[in-house]
Amino acid sequence: MGPLINNNLISQNTNFFLAFLVGIGFGFVLEVSGFSSSRKLAGVFYGYDTVVLKVFFTAAIVAMVGLLFMSLFNWIDLDLVYINPTYLWSTIIGGAIMGAGFITGGFCPGTGFCAASIGKIDAIFFIGGLFLGILIFAEAYPMLEPLYKGSFKGSPTLPQALGLKDGVVVLGIIFVALGMFWAGEWAERKFPREEY
Amino acid sequence: MSESNKPIKKTWYINPYLGGVLLGLVLIAANFVSGRGLGASGAAKSAVVATVNTVAPAHADKTLFYEEYNASHAEGPLKSWLVFQMLGVIVGAFLSGAIFNRLKFKVEHSPKITSRRRLIFAVIGGILFGFGSQLGRGCTSGSALSGMGVLSLGGFISMAFIFGTAYALAWFFRKNWI
């Protein structure tokens, strides 16, 4: 049955319209969870507010488990779903640069747009920087291309890389996440901070 | 610690675990409908390419990045799934802000720093995130969260290095936040 677009059950234009609806859900959930506040987002790095950790890992687990069950019931063909490819070094270096952007800027792109929509001026400046950073990458691209396209490892999943079954790895991730939730709750009690 | 006994002023948000479940369901819906996950930086890239195509078409024609992008997006950079999704994000976040009374123009910053300093750091962070998300093929939403949702190895690596680096640098930027 799913993915609907791959199985030609909906047209490309319907797909774009549904993308808009999915986006409304995405933006609403981010804002209502507090991701429109850089103070709350940065809290995860100092322990006073670990909402990022809780929302992010709960969402990842729900998606993993949900998709595995839907695949089991033949509701979705996971072979047709896009698996992000692994380019080892560009992912590592890109990730590290994004991490530096997170702690300095206080947003990631999705949360930046979300915060800008409710009027956070710091988020509007962040998005200005975001466009500039993409433009810099685009202009420097010929120089960066070898790094960008190098160390390609295909599109393996974590269970494939570990040689384990999907369900076993997901169960392990659930236990790791529960441990992190516990640590997050502890940190919030240990390092409380006034809102500003 | 006397601090921990003081009541902490808090804006209302939904329970984070419930928020996570809802976000997970949105991510499942994206995969079920469109066979792909959520994203944010990709839409910003579309906007940048569209702008360069319009403002400096000659430059776009002879610069590798735009050439590659335009070749793979025959209908134009803005007719993309992520652009429509991101328009939805802006609407959805605005709706939540309107319903829960959080629509307000303000620079949110720690009382220990000026709003000017906050804005300068916001721009620096944006530049780094913009650059890093292109090199890393997606940001926290597209690479880390959506990648992890479909168990992609790249998604886990992305998540580890985004959060790992931010933790490693947190001490140096503590004045901005705490």
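The stops below go from whole chains to single residues.

**The two chains**

Begin with everything displayed, and bear in mind that this is a predicted model. Its scores are ipTM 0.96 and pTM 0.95. For chain B the mean pLDDT is 94, and 95% of the residues score at least 70.

Select chain A. Its secondary structure consists of eight helices and zero strands, and the C-alpha trace extends over about 50 × 45 × 35 Å along the principal axes. Of its 196 residues, 50% count as buried. Among contacts in chain A with a separation of 6 or more, 66% join residues 24 or more positions apart.

Switch to chain B, which has nine helices and zero strands. Its C-alpha trace spans about 65 × 40 × 35 Å along the principal axes. Buried residues account for 56% of the 178 residues of chain B, and residues 24 or more positions apart supply 55% of its contacts with a separation of 6 or more.

**The interface**

Now display both chains and select the residues in contact across them: 115 residues of chain A meet 114 residues of chain B. On the chain A side, the elements giving two or more residues are H1 (12-32), H2 (38-42), H3 (51-72), H4 (88-105), H5 (109-117), H6 (121-149), H7 (158-162) and H8 (166-190) of chain A. The largest share of that side, 20 residues, belongs to H6(A). By residue type, the side of chain A that touches chain B divides into 74 nonpolar, 32 polar and nine charged residues.

**Helix H6 of chain A**

Where does H6(A) bend? The bend, of about 85°, is at A:Tyr141, and the proline A:Pro142 follows within four residues.

Next, colour the buried residues of H6(A), which include A:Phe125, A:Phe126, A:Leu130, A:Ile134 and A:Phe137. Both chains take part in covering the buried residues of H6(A): the cover includes H2, H4 and H5 of chain A, together with H2 (41-55), H4 (64-72) and H6 (115-135) of chain B.

Step past the end of the helix to A:Ser151, in the loop between H6 and H7 of chain A. Phi of A:Ser151 is near 45°, a positive value in a residue other than glycine. A:Ser151 is partly exposed, because 13 other C-beta atoms lie within 10 Å.

**Helix H5 of chain A**

Move to H5(A). Nine of the nine residues of H5(A) are buried, so this helix is largely enclosed by the rest of the structure. Among them are A:Pro109, A:Phe113 and A:Cys114. After H5(A) comes A:Gly119, with a positive phi near 100°.

**The nonpolar core**

Select A:Ala59, A:Ala60 and B:Leu27, the residues that touch the most other members of the largest nonpolar core, which has 106 residues. H3(A) gives the most to this core, with 13 residues. Then centre on B:Leu27 and show its contacts beyond four places in sequence: A:Ala59 and A:Ala63 from chain A, and B:Gly37, B:Leu38, B:Leu145, B:Ser146 and B:Gly149 from chain B.

Go to A:Gly47, in the loop between H2 and H3 of chain A. Its C-alpha atom is separated by 7.9 Å from that of A:Pro192, although the two residues are 145 residues apart along the chain. Beyond four places in sequence, A:Gly47 touches A:Ala187, A:Glu188, A:Lys190 and A:Phe191. With 19 C-beta neighbours inside 10 Å, A:Gly47 counts as partly exposed.

In chain B, select B:Leu151, in the loop between H7 (140-149) and H8 (153-170) of chain B. Phi of B:Leu151 is near 65°, a positive value in a residue other than glycine. Is B:Leu151 buried or exposed? B:Leu151 counts as buried, because it has 26 C-beta neighbours inside 10 Å.

Return finally to A:Pro3, found in the segment before H1 of chain A. The peptide bond from A:Gly2 to A:Pro3 is cis, with omega near -5°.

Conventions: Residues numbered from 1 in each chain as written. Chains lettered and ligands numbered in written order. Predicted model: local features only at pLDDT ≥ 70, side-chain atom pairs only at ≥ 80, totals over all residues. Contact = placed C-beta atoms within 7 Å. Nonpolar A, V, L, I, M, F, W, Y, C, P; charged D, E, K, R; others polar. Bend = angle between axes of the 7 residues up to and from the residue. Buried ≥ 20, exposed ≤ 12 C-beta atoms within 10 Å, placed from the backbone. Core = buried A, V, L, I, M, F, W, Y, C linked by C-beta atoms within 7 Å. pLDDT = per-residue confidence, 0-100.
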